[in-house]
Amino acid sequence: MKIIDWYILKRFLVTFFFTLLILIPIAIAIDIAEKIDNFLENPDLGFYQVVDEYYKNFIIYYANTFMPLALFIAVILFTSKLSNNTEIIAITNAKVSFTRFLYPYFMGATLVTLLSLVMNHFVVPESSKVRKAFELEYIKKNRKNEMRFVTDFSLQLTDTTYIYIRNFNTESNSGYDFTSEVYDGLKLKSKLVSDNFRYNVKDSNFVLLNWRLRVIDNKKDSISSGSKIDTVFNFTPKDLIYKSALSQEMPSGELYDFIELSRKRGVKNLNTYLVEFHKRTSLPLASYILTIIAVALAFRKRRGGTGINLAIGIGMMFIYVFFLKISEVLGAVAGVNSLLYVWVPNILFGCIAIYLYLNARK
């Protein structure tokens with residue numbers, strides 16, 4: 001690497017982390033103002049617990065969320081400064097092409113992308129578990145009560161086996177009105193019904209109380225019953241409470257295994273989980289696209305200086321976020337290609353980046 005590459009890369013990283021350090025305290029201040037009453041309502045909640053369990057993980061989550069915005073603003077800021085100080089003119093007079101000028105930017109974007117990938121796939125999901133558990137305990141207490149009970153739940157365990165649950169308490173691991181049905185094509189082969197049931201965590205099995213089993217045969221049906229029976233099913237209570245928000249708490253390996261298991265169980269619409277899974281890769285890779293756009297916007301000195309470049313850049317960033325949110329919603333709809341929808345913002349802004357790149361090379 002040449003001296004100019006180290007110079008640009010250093011400015012790139014310093015400005016990026018400085019921008020990130022400005023955005024995070026603003027987010028913390030807004031959050032404290034919103035939640036201070038919840039903290040004061042819990043006298044047993046200490047300062048250290050709030051910092052360690054909540055705000056430490058809050059910072060991890062929002063630092064990762066703000067990375068694309070911080071990257072975009074940072075590149076525009078210091079590239080505009082290079083342009084205003086006529087440093088870029090000196091570089092171009094030295095016969096350095098725009099493509100060669102981008103090399104240190106791509107080195108910085110690669111470092112940010114790698115950091116973001118690790119954060120998205122491993123660090124943030126684990127951190128979100130602690131943060132959301134804290135929120136359910138001290139901030140969103142009503143939401144905790146809602147998640148405690150699962151009602152009118154159905155699940156396909158295999159190609160032939162279905163279960164139905166009227167009510168289940170996720171804290172006591174017990175419920176009532178349990179039904180398991182086994183089919184041969186469209187024909188019912190057996191039906192197991194239990195008035196009450198509970199999950200035995202130690203033995204990983206289910207205890208059915210007041211159960212009745214009907215086995216349907218071509219010649220004669222058989223019916224048996226009892227007060228108690230231990231049995232095993234291919235699911236656990238946590239499968240009953242998986243919701244789209246909880247997918248954010250699963251590391252990518254666990255999320256992928258859950259999606260594959262759900263496919264085997266015949267769950268029809270997994271696009272909400274697929275959107276979350278694909279987004280963890282598409283958003284970090286957008287760093288390259290945003291870097292090209294930011295450099296191309298700020299490469300040439302223009303009337304208005306840094307301010308006009310920053311205004312245009314932030315406007316484009318809001319448009320990108322808008323498309324990102326729209327694509328997430330549409331990608332979660334059943335029957336669509338979630339991978340394509342997640343990548344639509346990157347594809348659109350990739351085209352813009354190519355246009356600006358070709359224009360800046362002239």
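Tutor: Start with a cut-off. Buried means under 20% relative accessible area, exposed means over 50%, and partly exposed lies in between (1.4 Å probe, protein chains only). By that rule Arg131 is buried, and so is Glu135. This is a predicted model, where local features need pLDDT of at least 70, side-chain atom pairs count only at pLDDT 80 or more, and totals for chains, interfaces and linings use all residues. Residues are numbered from 1 along each chain as its sequence is written, and side-chain values use heavy atoms, with hydrogens and water left out.

Student: Why is Arg131 called buried?

Tutor: Its relative accessibility is 7%. The limit is under 20%. So Arg131 counts as buried.

Student: Where does Arg131 lie, and which residues is it in contact with?

Tutor: Arg131 lies in helix 5. Helices are DSSP runs of H or I with at least four residues, strands are runs of E with at least two, and both are numbered from the N terminus. Contact means heavy atoms within 4.5 Å. Leaving aside neighbours within four places in sequence, Arg131 is in contact with Glu53, Tyr54, Asn57, Phe58 and Tyr61.

Student: What makes Arg131 and Glu135 a salt bridge?

Tutor: The rule asks for a side-chain nitrogen of Lys or Arg within 4 Å of a carboxyl oxygen of Asp or Glu. For Arg131 and Glu135 the N to O distance is 3.5 Å. That passes, so the pair is a salt bridge. The two are 4 residues apart in helix 5 (residues 103-139), so about one helical turn separates them.

Student: How many salt bridges are there by this rule?

Tutor: The count comes to 15. Another joins Asp152 and Arg166, with the closest N and O atoms 3.6 Å apart. Asp152 lies in strand 1 and Arg166 in strand 2, so this pair ties together parts that are 14 residues apart in sequence.

Student: What makes strand 1 and strand 2 a pair?

Tutor: Two strands pair if DSSP finds at least two bridges between them. Here 7 bridges join strand 1 (residues 149-156) to strand 2 (residues 161-169), so they pair; they run antiparallel. Phe153 has Ile165 in strand 2 as its bridge partner. The two strands form a hairpin with 4 residues between them.

Student: How many bridges link strand 2 and strand 3?

Tutor: There are 8, in the antiparallel sense, and strand 3 covers residues 174-184. Ile163 stands opposite Ser180 in strand 3. This hairpin also has 4 residues between its strands, and Asn173 takes a positive phi near 55° there.

Student: What makes a group of residues a nonpolar core?

Tutor: It is a set of buried Ala, Val, Leu, Ile, Met, Phe, Trp, Tyr and Cys residues joined through side-chain atoms within 4.5 Å. The largest one has 57 residues, and those with the most contacts inside it are Phe101, Tyr105 and Ile293. Helix 2 supplies the largest share of this core, 15 residues. A second, separate core of 17 residues includes Val150, Phe168, Phe206 and Trp211.

Student: Why is Phe72 called buried?

Tutor: Its relative accessible area is 2%, so Phe72 is buried. Phe72 is in helix 2. Among the residues it touches are Leu290, Ile293 and Met317.

Student: And why is Phe322 called exposed?

Tutor: Phe322 has 52% relative accessibility. The limit is over 50%, so it counts as exposed. Phe322 is found in helix 10.
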